[in-house]
Amino acid sequence: MKFARRSVLSAALAVPLAARAEQFGGTYAPRPRQIADGVWVVRGADEAIAPGNGGAIANSTIIATDAGTVLVDPGPSLDYAKTLAAAALSATGKPVTRVYVTHLHPDHALGLGAFDPAIAFALPGTIEGLKQDGDGYADAMYRILAGWMLGTQVVVPQGRVTPGPVEYGGRRLTAWAMAGHSRADLVLRDEPTGTLITGDLVFHDRAPATPDADLAQWRAALDALAVLPHRLLVPGHGPVEGSEAAIAQTRDWLEWLGSALRTSVGAGLDMAEAGEQAIPGRFAAVKLARYELQRSVSHFYPRLEAEMLPRIDAGSEAPRPKV
Amino acid sequence: MRALPALSFLTQLAAAAPAPAASALVQDPLGSPMWQFHRRRLFGEAPVVFDGGVKVRFPMIAEDQHVFPVEVDARALAGVTRMIVLADLDPIPYPLDYRPLHAEPFVATRIKLDQRTPVRGAALAADGTWHLSGGWVDAAGGGCSAPPASRVKGDWAQHLGEMRGIRRPAGAGATRLRIAIRHPMDTGLVDGIPAYNLETLTVTDTKGVSLADLGIAGSVSEDPAFTLIVGAPASEALTVTARDSNGLVFRGTLAADPGATGGGQGS
């Protein structure tokens with residue numbers, strides 16, 4: 001069996017890249033790994049959303065309680081969330097009875113359709129964001145992931161998270177409302193184990209994504225996270241091992257990114273050049289660094305140019321049209 | 001294996017009619033379904049080569065199909081008189097047509113993509129040969145057929161023609177310009193919004209000599225931005241003149257670089 005599979009694999013590798021990329025669906029196999037008493041993490045692939053990974057690139061967290069299992073971030077699609085729920089059940093022995101979504105991005109939120117929206121919770125800003133942008137995200141995910149997304153629909157949580165202590169099934173959690181990676185970023189801490197679940201405010205050895213980012217807010221959120229006592233940290237993307245350095249690493253990347261973009265605009269570089277600039281050696285172990293730099297150039301560059309480049313016109317010769 | 005019959009066919013052709021139709025036989029390395037159409041329209045019977053003479057740079061992902069950066073660099077070629085940016089499958093397939101009159105053959109801008117398409121740069125060298133390169137770009141739909149942000153916001157007319165720019169020394173007697181102009185760049189492909197776009201942009205020196213002459217189509221992104229490298233020293237003031245499809249003229253001036261005599265200002 002193994003042998004046969006390998007030969008299939010090498011046959012697939014012989015196919016030209018363009019043809020190989022046409023993978024229209026597949027089977028998810030989320031594997032929970034216990035990181036503390038009653039806490040499991042399912043790691044996403046440290047890759048871009050692509051047909052090869054079915055969009056399963058974000059980390060999810062599973063917490064056992066007496067009332068049932070708490071799932072944080074149900075992932076990118078209906079099918080993924082279903083397999084995740086089954087994996088959570090076999091890990092904890094209890095079905096998922098509460099779901100938290102850390103923020104609105106589709107790799108974290110679109111799996112909500114596998115659950116009753118009455119058991120799903122998010123910050124009010126995330127709920128508004130999903131109502132506003134959810135369909136657009138779903139369109140984009142279907143375009144890239146095709147069959148992986150089958151049956152996936154935008155579902156909006158009915159539960160609004162209020163910051164502060166939460167008690168559920170005899171388990172104590174604390175919730176914080178932060179922002180910066182998106183307009184509303186939920187942070188949870190599992191009190192019995194001191195596990196801090198940061199969502200995408202923290203990336204670890206995987207470059208931060210910035211499509212809805214406010215860099216100043218994000219840096220402030222990281223400063224707040226750095227002083228929250230915790231024993232373990234689950235980043236939104238990247239490994240849990242060694243993640244004590246992840247807050248500083250994320251902050252370091254954002255600082256560098258902000259100043260690199262301003263320097264590029266000031267030097268008159270165009271966007272393609274700015275996306276090709278050297279990335280400091282200290283980020284050598286950070287996956288997807290070039291990819292996320294180029295995405296960030298797209299997110300910030302036109303705005304930065306409008307802000308930084310001086311006006312050189314003295315008005316047009318012809319009268320302005322009236323509208 | 002198939003090279004032999006093709007070669008002998010070429011030889012026969014060359015014997016019968018030496019010059020014409022040579023480019024018709026050039027295989028498009030990108031396999032674009034529109035290649036022959038664009039080749040005939042743009043290059044006619046001129047020879048076409050796909051080589052490293054022209055370098056096309058764009059990001060690995062079309063993060064925003066309304067704002068896709070493209071840079072075309074033909075500085076490896078001698079005597080380039082014309083450069084074209086080509087997006088084969090776009091409804092407005094030639095966003096830029098650049099004549100670097102007294103400028104380096106280098107241009108960068110942002111374009112709209114309406115679907116997955118080849119994006120290429122073409123440069124006409126002194127010997128009459130067009131050099132091309134590029135690649136496929138996977139883009140979500142609607143870059144050309146969704147309204148621009150300023151139409152949605154409704155403030156486009158308040159900012160129409162606002163021009164921003166900087167100049168930086170780029171070696172002896174050369175100046176890099178980055179110019180951005182507020183314009184909705186309506187493609188005409190959005191219901192109820194007729195085409196309305198910048199059509200030309202020229203850079204002139206104090207003697208009125210045109211250094212760079214850009215032809216611009218509606219598939220250049222809203223609020224267009226351009227990078228050019230013109231043959232003017234830092235001591236030369238430069239004028240940027242743009243004209244749109246309603247005949248409005250927008251003008252900007254980049255004053256001589258005061259710190260330039262000392263070898264250029266840092267950036």
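How many salt bridges does the rule find across the interface of chain A and chain B? In this predicted model, the rule finds six. One of the pairs joins B:Glu63 to A:Arg295, whose side chains meet at 2.7 Å, N to O. Polar contacts were also counted between chain A and chain B, giving 15 residue pairs, both residues at pLDDT 80 or more.

On chain A, three helices each supply at least two residues of the side that touches chain B: α7 (246-266), α8 (271-276) and α9 (289-308). The largest share, ten residues, comes from α9(A). By residue class, this side of chain A divides into 18 nonpolar, eleven charged and six polar residues.

The contact draws 35 residues from chain A and 39 residues from chain B. The size of an interface is often given as the accessible area lost when the parts come together. Here the two chains bury about 3400 Å² between them. Carbon and sulfur atoms carry 57% of that area. In chain A, the most area is lost to chain B by A:Arg143, A:Leu309 and A:Ile312. Together these residues make up 18% of what the chain A side buries.

Chain B contains an open sheet of nine strands with mixed pairing. The strand order is β1-β8-β7-β4-β5-β12-β11-β14-β15. From one strand to the next, the twist averages 15 degrees. The edges are β1 (48-50) and β15 (249-254) of chain B. Each has a single partner strand, so one side of each is left without a neighbour in the sheet. For β15(B), strand β14 (residues 238-244) of chain B runs antiparallel to it, joined by six bridges. Within this pair, B:Leu238 stands opposite B:Leu254 in β15(B).

Terms used
Residues are numbered from 1 along each chain as its sequence is written. Chains are lettered from A and ligands numbered from 1 in the order in which they are written. This is a predicted model: local features need pLDDT of at least 70, side-chain atom pairs count only at pLDDT 80 or more; totals for chains, interfaces and linings use all residues. Side-chain values use heavy atoms; hydrogens and water are left out. Contact means heavy atoms within 4.5 Å. Buried area is the accessible area (1.4 Å probe) that two parts lose on being put together, summed over both. A salt bridge is a side-chain nitrogen of Lys or Arg within 4 Å of a carboxyl oxygen of Asp or Glu. A polar contact is a pair of N or O atoms within 3.5 Å; within protein, one must be able to donate a hydrogen and the other to accept it, and residues adjacent in sequence count only if both atoms are side-chain atoms. Helices (H or I, at least four residues) and strands (E, at least two) are DSSP runs, numbered from the N terminus. Ala, Val, Leu, Ile, Met, Phe, Trp, Tyr, Cys and Pro count as nonpolar, Asp, Glu, Lys and Arg as charged, and the others, Gly among them, as polar. Two strands pair if DSSP finds at least two bridges between them. Axes are lines fitted to C-alpha atoms, for helices over the stretch in contact, and angles run from 0 to 180 degrees between N-to-C directions.
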